[in-house]
Each structure stands twice: as structure tokens, then as C-alpha cells.
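Hi,

Here is the structure I promised to pass on. Have a look at it first, and my notes on what turned up follow below.

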Amino acid sequence: MNMNLVKAVIICLLLTGRLVTAETIPEHEAGELPVDQIRTFAEVFAKIKKDYVEDVEDGILLENAIKGMLEGLDPHSSYLDEEAYLDLQEGTSGEFGGLGIEVGMEDGFIKVISPIDDTPAQKAGLQSGDLIIRLDETPVKGMSLNDAVARMRGEPGTDIILTVIREGVEKPLKFTLTRDIIKVKSVRVQTLEPGFGYLRISHFQTRTAEDARTSLQQLKQDNGGKLNGLILDLRNNPGGILSAAVGVSDLFLDQGLIVYTEGRIDDSRLRFNAKPADLLDNAPIVALVNAGSASASEIVAGALQDHKRGIIMGQKTFGKGSVQTVLPISNAAALKLTTARYYTPSGRSIQVSGIDPDVVIARVKVESMEDEEPHVITEENLSRHLDNNAQNGSPEGTLDEDEDEAAKISAQLLNDHTLQQALNVLKSLHILAAEEE
């Protein structure tokens, strides 16, 4: 497409408001352009300028047209104005203001991909798969993802009410969350039992691989210089930076392909290979995943699974197998554009299909019998029906409190059925490995 011609068409439109006709396009270039669609666009633009109930600035109309063009491609492509672009940069650096929730779009509603650890969203009880239908009293239907995110962000200390529907719950749930400065610590480690470590990665950020390496080296020192096994917890990890996922995978592999990407242009066709050496010296790994494990999390899980380097446990993952590239444009804005699909070392595309765990563990919640209530599933015969289940709540305390990480994870082990099962499997793998030696 001749971009100079497109610019000329837009300038002509802005200056004259007249329709573009085939005669305005040079004959030798007409075949390169969707002439009828450009004519329709120009006609709609002119009618809005002439007949809409209020006067609308040309810049607003054109920016909305750009947003619609990108949002019509796939759920992950979008136009980032200056503010949204800055928010994205802050998010990958690990500190930003808001609720601490990774979201996407589904059927016009805001879908929770996962709440981030130790944030207002996680403390209030939001869960992966929740659909947000109202922000305060404003319905989200028809709202763009960027607009919804902008509404959820705000001054620390201010409240917002999220109305949510959740699978398995009869009535919509309301959560009151207090906005805070979100400081995401993407890596946590802990000794679960002597020789058996736990590595939690909540997000893949710029420093995640480096922080994971440093933390694991310290964990080894704390256990006599060697680990007998490691639980890698990727549950509710919505992903992040591709290079961080490659770096984390490389910690546990000493050779071979980690992931590759395929797209239309040469720059989108990449291959990432592991370098020596395995930081754990081939000690067994159990990786935990669930429906909130997406994108970069699935890259790590897929690499470990294909290389038979670890056992994948939990539930089927989210299924986001596409790569987004941020392309800066004029006016300090940017495009977040899907440019490739990624594939596991064996050639599997994770897009939609996700990663199937080697050991499936149903999602359970341990509670007393008197607390149990029957769950009613409504509209169960309809395709893509919506449901709902949670408790109202608001976070208590602040994110700056000095919490005892060891005590937190010890309590988590006592109440986390999946983590308990993973530790049992890890011990068994260690015994088998010792017998083979």
C-alpha cells in the first residue's frame, strides 16, 4: 500500500470533508488500495462530521478509527495512547499504580486472567476466569480494554467496586478494592523441607530470570549446596516478557531448543536455545500450572515438558500462544500488535489449546462441612455461559508491611492441596533418581 497516497486521502478528507472517489486515486495505484472500503470510510467520516448531534474533533474520530481497527484483529492487539504506553512500560518494570490484576476481553466483558500476588485484587479474592461486568456503576459492555484499565487505575487510597460473575455462583459478586501502588515481586523462594525447594514466579518481568537465578543459588546454599528437588509454581502467572521466559527455562536446561516463533516477517521468526549448564544439576522439577497460567508461563511449562525435564501438574493452561510486539509511533503513542505465534520445542502451538498437565489435579478448596453451600450453575445449556462465586471483601493493611515470607509459604503448604501433592511427587522422583544411581 502506498502510504503517501493514504496520507493524501486523509488530508484531503480533513480539509474538504468531500468523499474520496476512484477518480482521486491514480490509475496505476488503484489496484493496491481497497477503493470501495476507503470510499465507505470517507463517507462515514463525512456524515459524522455533518450530522452527529455534537461536533467531534477530527483527531478524536481518527484515533477511535485506529483503536477499532486494532481491536478488531484479536484480543491482544491494541492502540496505546501516551498514557497507556507509559502504563505498559511501568508494568514490565515491576511497579505501577492500580489494583494488581491482569485482564483481557471476552464477549465484551473484562476477563480476569489472573490476580497478581500480594495486591488488592488478590487479597480481595478475585480469581482467574472471573468476568467483570461493572466498574462502580458503569457497565463494561461496549467499553474498550484500554478504557477499562484506565478506570481501574487511579490515585492510591481510592476505592472502586467491581461487579463480577463467576462460574458456579448464582448471583453477581461485588468486590470493593482500594487502589494502591503495586510493587510486583515476581520471584519468591522457600525451603519446604530440607533439600526440597519452592520457587514462585508470579510475573515475567525484565529482571525475573536474573532474580530467579540469584534466589535459587541462595536456596542451594541454604540446603548444603544442593537441592534434591524443586517445585516451580507458575499458577496464576499471566506471562510477561518473552526473553524472561527464555531465561527462566534456560536455568533448568543445558541444551536444546526452548521456544521458537513464526510470523509473516523475518523479524518475527526467532529461535531460542538453551546454554549450559543446568542450575539444579538435573534434580527433579515439578511445575504447577492452572487456567491462569498464560503466555510466558506456558513457554516455560512447554519447554520443560517437551525436554522431559519436569513433571507438569495442575490444570490445563490458558492457551495464549501469540507474541505481541510494541511498535512506537508518532505522538508518543504505540501499537501493541500480534506479530507471531510461538511454538514449543516439539512444534506444538499453544494458541487456544494450552498445555495439558502430565498429572491433572482438580481445583479444590479445603473447608469445613458446615461452610459448604450448593452451587447453582445457570444457563448451563448455552454456549459460553457465565457463572460466578466468591466472597465480598476489601484488602486490609498495606503492601509495604514487612511480612514473614517463610511463615506465609509454610501456611500456604498447609492449606494448598496441589502444593502438598506436588511435594509428594517430588520426593518420589528423588527416591527413584537415587535408586537409578
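Leaving aside its neighbours within four places in sequence, V352 touches F318 and G319, where contact means heavy atoms within 4.5 Å. V352 and F318 are 34 residues apart along the chain, and their C-alpha atoms are separated by 7.4 Å. You'll find V352 in the loop between β18 (334-343) and β19 (359-360). Helices and strands here are DSSP runs, numbered from the N terminus: H or I of at least four residues for helices, E of at least two for strands. V352 counts as exposed, at 65% relative accessibility. The cut-offs are under 20% relative accessible area for buried, over 50% for exposed and partly exposed in between, with a 1.4 Å probe and protein chains only.

Before going further, the housekeeping. This is a predicted model, in which local features need pLDDT of at least 70 and side-chain atom pairs count only at pLDDT 80 or more, while totals for chains, interfaces and linings use all residues. Residues are numbered from 1 along each chain as its sequence is written, and side-chain values use heavy atoms, with hydrogens and water left out.

Now the overall picture. The protein chain has twelve helices and 19 strands. It runs to 437 residues, of which 43% count as buried. Taking contacts between residues at least 6 apart in sequence, 69% join residues at least 24 apart. The chain exposes about 23200 Å², and carbon and sulfur atoms supply 50% of that; the areas come from the Shrake-Rupley method with a 1.4 Å probe, and for residues only the protein chains shown count as cover.

Next, helix α9 (residues 242-252). Nine of its eleven residues are buried, so α9 is largely enclosed by the rest of the structure. Those buried residues are L242, A244, A245, V246, V248, S249, D250, L251 and F252.

What does α9 pack on? One partner is helix α10 (residues 296-306): the two pack at an angle of about 25°, with their axes 9 Å apart. Axes are lines fitted to C-alpha atoms, for helices over the stretch in contact, and angles run from 0 to 180 degrees between N-to-C directions. α9 and α10 are therefore roughly parallel to each other; the classes are under 35 degrees for roughly parallel, over 145 for roughly antiparallel, 65 to 115 for roughly perpendicular, and oblique for the rest. Their crossing is right-handed, a term for the near helix being turned clockwise from the far one by less than a right angle, with anticlockwise giving left-handed. On the α9 side the contact is made by L242, A245, V248, S249 and F252, and on the α10 side by A296, I299, V300, A303 and L304. By class, that contact has nine nonpolar residues, one polar and no charged. For the classes, Ala, Val, Leu, Ile, Met, Phe, Trp, Tyr, Cys and Pro count as nonpolar, Asp, Glu, Lys and Arg as charged, and the others, Gly among them, as polar.

α3 passes α4 in a right-handed crossing. F41, F45, I48 and K49 of α3 meet D58, L61, L62 and A65 of α4. Here the residues divide into six nonpolar, no polar and two charged.

D254 is partly exposed, at 41% relative accessibility. Beyond its neighbours within four places in sequence, D254 is in contact with A274, K275, P276, A277 and D278.

Then some backbone details. The peptide bond from P276 to A277 is cis, with omega near 5°, and A277 is in the loop between β14 (270-273) and β15 (285-289). D281 is found in that loop between β14 and β15 as well. D281 has a positive phi of about 55° although it is not a glycine, and counts as exposed at 59% relative accessibility. D118, also not a glycine, has a positive phi of about 60°. D118 lies in the loop between β4 (109-115) and α6 (120-124) and is partly exposed, with a relative accessible area of 23%.

Cheers
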